[in-house]
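This report describes how the parts of one protein model are arranged. Please examine the sequence and the structure shown here before reading on.

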Amino acid sequence: MWNPQQYLQFQQERDRPFFDLLAQVQGQPKTVADLGCGTGHLTAALAERWPGADVVGLDSSPEMLSKAAAYATKNLTFQQADLREWQPAAPLDMLFSNAALQWVGDHAQLIPRLAGLVAAGGTFAFQVPGNFDAPSHTLLAEVLARPRWHTLQAEARDKASLGAFGPAEYVALLAPLGFSVNAWETTYLHLLPRPANGGNAVLEWVKGTALRPVLAQLNDSDAAEFLAEYRAELARAYPAQAYGTPFPFRRVFVVAQRSGQP
Ligand SMILES: C[S@@+](CC[C@H](N)C(=O)[O-])C[C@H]1O[C@@H](n2cnc3c(N)ncnc32)[C@H](O)[C@@H]1O
């Protein structure tokens, strides 16, 4: 279950790559889908950028979509859909996705499938984290491997294969399908402010994402013990400074344009 409030705690840091991706996108699409739209505030930014377009935000989470509903207009709608199976009625001019496709599964299959839903001359633009070998993930895996916790299922483990996908791998998937591809990576150095609850800033960040599937399996007292173990590791890897907690975060960006006339 997604928790919109926890996710948006670091909204400024999480939104920045969306706008860095959008800055590289050209054209005037008439039909746009935001894949894994979350709380919808960024889907609204897509509708603002292309006021003449029909924009749809797609997400599988009812919690996220209940926030998104507030942004709906005549040209901006939201739908519950699982991206593993979603099939639009006709190919779209723009598939856009920020920080969502890493949750959806095997990219060697997913990316070509989604690319097949882009109209001639259209664009497939997405950003995914590229930080699966960062301490926030490797320390989580380390704590999960301890005897006390090793029976827990963690989506974080399944994502290890995504570590193999960087800009070059996405180009290699999309260029042979007739796309011209602009792919790059950026490592942001976030300086996370001290959380309002006084806790560990990186822990609060991860609670909004990779920790969700872990915590969903634990009762309150086990969750508190798990968090204490993980927090101790994070505090060593990401020491808090007076000016904030430095948190390097690599992200991978792809803007792929399909050949042909729109
Ligand atoms: C990290 S949030 C990003 C939300 C939004 N794009 C943003 O940048 O604020 C990832 C979103 O992907 C959605 N998601 C994960 N797996 C999905 C799937 N299989 N189908 C549709 N949405 C999915 C989640 O529900 C969540 O809202």
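## Terms and basis

An axis is a line fitted to C-alpha atoms, for helices over the stretch in contact, and angles run from 0 to 180 degrees between N-to-C directions. Helices (H or I, at least four residues) and strands (E, at least two) are DSSP runs, numbered from the N terminus.

The model is predicted: local features need pLDDT of at least 70, side-chain atom pairs count only at pLDDT 80 or more, and totals for chains, interfaces and linings use all residues. Residues are numbered from 1 along each chain as its sequence is written.

## Helices α6 and α11

Helix α6 (residues 135-144) and helix α11 (residues 220-237) have axes that come within 10 Å and cross at roughly 145°. Their crossing is right-handed; a crossing is left-handed if the near helix is turned anticlockwise from the far one by less than a right angle, and right-handed if clockwise.

From α6, the contact uses Pro 135, Ser 136, Leu 139, Leu 140, Glu 142 and Val 143, and from α11 it uses Glu 229, Tyr 230, Glu 233, Leu 234 and Ala 237. Two residues are in contact if their C-beta atoms, placed from the backbone, lie within 7 Å. This contact of α6 with α11 has seven nonpolar, one polar and three charged residues. Ala, Val, Leu, Ile, Met, Phe, Trp, Tyr, Cys and Pro count as nonpolar, Asp, Glu, Lys and Arg as charged, and the others, Gly among them, as polar.

## Helices α5 and α8

The axes of helix α5 (residues 107-115) and helix α8 (residues 167-174) also come within 10 Å, and they cross at roughly 50°. The contact joins Ile 111, Pro 112 and Ala 115 of α5 to Tyr 170, Leu 173 and Leu 174 of α8. These residues comprise six nonpolar, no polar and no charged.

## The sheet

Seven strands form an open sheet with mixed pairing, in the order β3-β2-β1-β4-β5-β7-β6. Two strands pair if DSSP finds at least two bridges between them. Strands β3 (76-80) and β6 (179-192) stand at the edges with a single partner strand each, so one side of each lacks a neighbour in the sheet. The twist averages 15° from one strand to the next.

Strand β2 (residues 54-59) runs parallel to β3, and five bridges join them. In β3, Thr 77 is the bridge partner of Val 56.
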